Amino acid sequence: MKIHSDSPLSKIEQLFNNLDSNLSKNQYIRLQFKLNGYKEKKLGQDQVIIETSLIDGQYSQTAILIGKAAELIKVYQNEKFINVNSMIIQLLQWKVAYLEKNKAYTIVIYEFQYIGSLDGEHECTQYNVEQNCQSQKKLRVTIKQHNTINNNTSHQQYITNSIKKVKIENSSFTKDSFIIDDNLLNISALDNPANNKQSNQFKDYQQQQQIQQSELTKISAMYPNMKKWVLEGRIILKSEQLDFRCKKTDTIQRYFKIIILDCEQEIIVGLFYEKALSKFFSVLQQGKVYTFKNGCIGQDKANGTKKISFNEYSIISESQNFAIPSAPQLNFSTLQEIETLQHNSIVDVVAVIQEIKQDSDSCKSFIVFDQTTRLSVKLWGAQYANINLQKGEVMVFKGLKFYNTNFKSLNSDHQTMIIQNHDLNEVKQLKSWLAGKNIDTIMKPNPDNSTIDLQQLDEFVIKQLNEGKTQQANYKYIFGYIIEIQENRNMYPCCPSLRCKSKMEEIPSRKTYRCKKCLTENPSPKFSFVLRVTIMDEFTNIKAVIFDDIAVKLLGITADQLRAMSHEDQRNIFLSKEFQQKKMKLQIQFQDYNGQIQPKYNVQDIVDIDYKVLATQAFEMFDELDNLLNLSLVL
């Protein structure tokens with residue numbers, strides 16, 4: 001089996017560039033090779049070296065790992081159980097050494113980075129340094145220019161006699177069909193339009209080399225308002241041009257975003273507005289590696305995610321560093337583990353779509369589940385408009401934001417990605433667990449079997465408190481009567497943003513309302529319910545909260561409609577809904593009230609009771625008990 005020609009491996013010959021001057025000197029040029037072989041030897045009592053070979057698909061070259069590199073390769077071999085013969089590594093610190101005893105060259109590796117694995121055996125021949133380096137020997141070229149007269153012009157132009165020697169060293173590369181040598185001296189001797197172009201390209205190359213040789217900034221080291229930084233990374237996602245509402249001017253403007261992946265597999269979001277959009281949108285391509293400079297770095301205080309806002313003065317140039325990974329690192333959590341996390345936590349998820357709630361261009365809302373529990377997912381914005389959701393499909397998400405409020409859910413954010421990789425082990429495990437199961441019934445509670453009375457609810461809460469299980473929300477069904485609805489402070493002005501819906505504060509001086517969270521102002525916002533009610537059954541009673549959608553379902557009118565009524569009419573509406581037995585789904589959360597953990601109940605659904613169904617179930621239960629009694633008498 002041979003390595004594919006498109007594989008991002010360096011060439012063995014690159015190790016021996018400028019061999020005369022670089023021999024036995026530490027090198028920091030990042031090159032990428034596949035390993036083949038593992039032989040451990042001891043030098044003295046403590047020092048361990050590992051003998052191996054570097055492979056580029058055509059040639060192989062012997063190498064020695066020493067110090068940190070030897071310790072790291074032992075960890076991959078003995079603790080992480082990674083086959084060394086399949087490893088692709090990137091050299092970070094290394095040198096070329098000549099072994100007098102063996103009359104051969106070897107590569108001494110001090111530090112490396114593990115990139116990935118490439119299985120299979122590869123037929124390669126040993127690289128012959130002496131033979132291949134003959135063509136790289138230093139040359140001295142003499143360029144002569146004679147006196148010439150240009151007869152095509154009215155003025156005679158004389159070019160003086162000159163004999164200039166140009167020293168050409170080993171290191172050269174090809175760019176746009178021009179051969180450029182980074183040790184070329186007296187380049188002015190080649191003073192013609194073609195070579196002027198070559199000179200400019202040479203300067204560009206020198207600048208690029210200076211950037212590469214300087215210490216690049218890693219995403220993990222970036223911080224808000226950092227002034228001097230140079231980031232090298234691969235664009236793993238580029239959006240289309242999207243709309244957003246500018247808070248300052250209250251106008252619709254356009255932007256696009258990219259997600260950048262660096263050598264440590266960390267990601268950061270890049271945002272391009274106005275002039276930056278027109279400058280870079282047609283230039284940047286998904287999948288390519290670039291160096292980025294000049295931009296404002298911001299950070300989300302809640303979860304630490306970073307972003308870069310680029311402008312028209314930002315400098316972005318294409319890089320040839322093929323060692324940058326092409327896929328981000330995924331740190332999956334189960335949905336049950338996610339439910340215990342803090343609000344605004346960023347998570348990676350593998351889950352199955354069980355139910356699609358909303359499928360529009362502005363929002364896609366659906367229920368997902370895994371082997372542990374279910375959660376709601378909401379993808380916001382036009383960037384997800386072309387995604388075709390299928391019930392039963394296994395989805396892989398990176399960078400979802402967990403909302404741990406009254407209703408726990410996963411929401412998209414700037415850094416959210418949908419990964420199209422069904423070869424992941426987590427995907428295979430979930431599909432294997434799902435085989436033969438009915439997705440319509442998995443994780444869905446049976447309302448009849450889970451219905452409890454308020455005394456049993458109280459016992460359940462005490463048990464959760466004693467066992468310390470106060471981080472995760474629980475759900476129970478009850479039968480009960482709403483005996484009281486609080487008549488004051490039962491609604492609030494709601495932010496018009498679908499992703500916010502926070503309470504807005506009134507600003508009387510400007511006769512408007514303002515959202516503290518997203519800074520939106522609206523003189524006539526929509527009002528939403530927040531009903532505080534008392535629920536009772538034959539055992540006890542509890543206090544609970546009913547939010548807008550369920551409150552509208554209970555009362556039959558919206559908050560704005562109720563607000564337009566007189567106080568007496570409002571009171572009559574509330575009285576008409578009291579002392580009616582309902583079946584309710586309660587969400588049970590625990591909150592800290594002045595140092596004491598107490599339960600909080602939110603009504604998440606209300607349905608009328610079908611007494612005929614209850615009666616039928618009761619008769620069936622009596623028949624079953626009767627049969628059991630008769631059977632026990634016979635036995």
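**A tour of salt bridges and one buried methionine**

Begin by selecting R254 and D243, whose side chains form a salt bridge with an N to O distance of 2.6 Å. This pair links distant parts of the chain: R254 belongs to strand β13 (residues 252-261) and D243 to strand β12 (residues 242-245), 11 residues apart. R254 counts as partly exposed, because its relative accessibility is 39%. Please note that the model on display is a predicted one. The count of salt bridges comes to 17.

Next, select D413 and K401. Their closest N and O atoms are 3.6 Å apart, and the two residues form a salt bridge. D413 is found in the loop between β23 (409-411) and β24 (417-418), while K401 is in strand β22 (residues 394-403), 12 residues apart. Are these residues buried or exposed? Both D413 and K401 are buried.

Now move to K516 and E505, where the side chains meet in a salt bridge of 3.6 Å, N to O. K516 counts as exposed at 60% relative accessibility, whereas E505, at 32%, is partly exposed.

Finally, select M222, in the loop between α4 (193-213) and β11 (230-238). M222 counts as buried because its relative accessibility is 3%, and buried means under 20%. Beyond its sequence neighbours up to four places away, M222 touches T217, W229, L231, I268, I297, K306 and I308. The C-alpha atoms of M222 and K306 are 8.3 Å apart, although 84 residues separate the two along the chain.

Terms used: Residues are numbered from 1 along each chain as its sequence is written. This is a predicted model: local features need pLDDT of at least 70, side-chain atom pairs count only at pLDDT 80 or more; totals for chains, interfaces and linings use all residues. Side-chain values use heavy atoms; hydrogens and water are left out. Helices (H or I, at least four residues) and strands (E, at least two) are DSSP runs, numbered from the N terminus. Buried means under 20% relative accessible area, exposed over 50%, partly exposed in between (1.4 Å probe, protein chains only). Contact means heavy atoms within 4.5 Å. A salt bridge is a side-chain nitrogen of Lys or Arg within 4 Å of a carboxyl oxygen of Asp or Glu.
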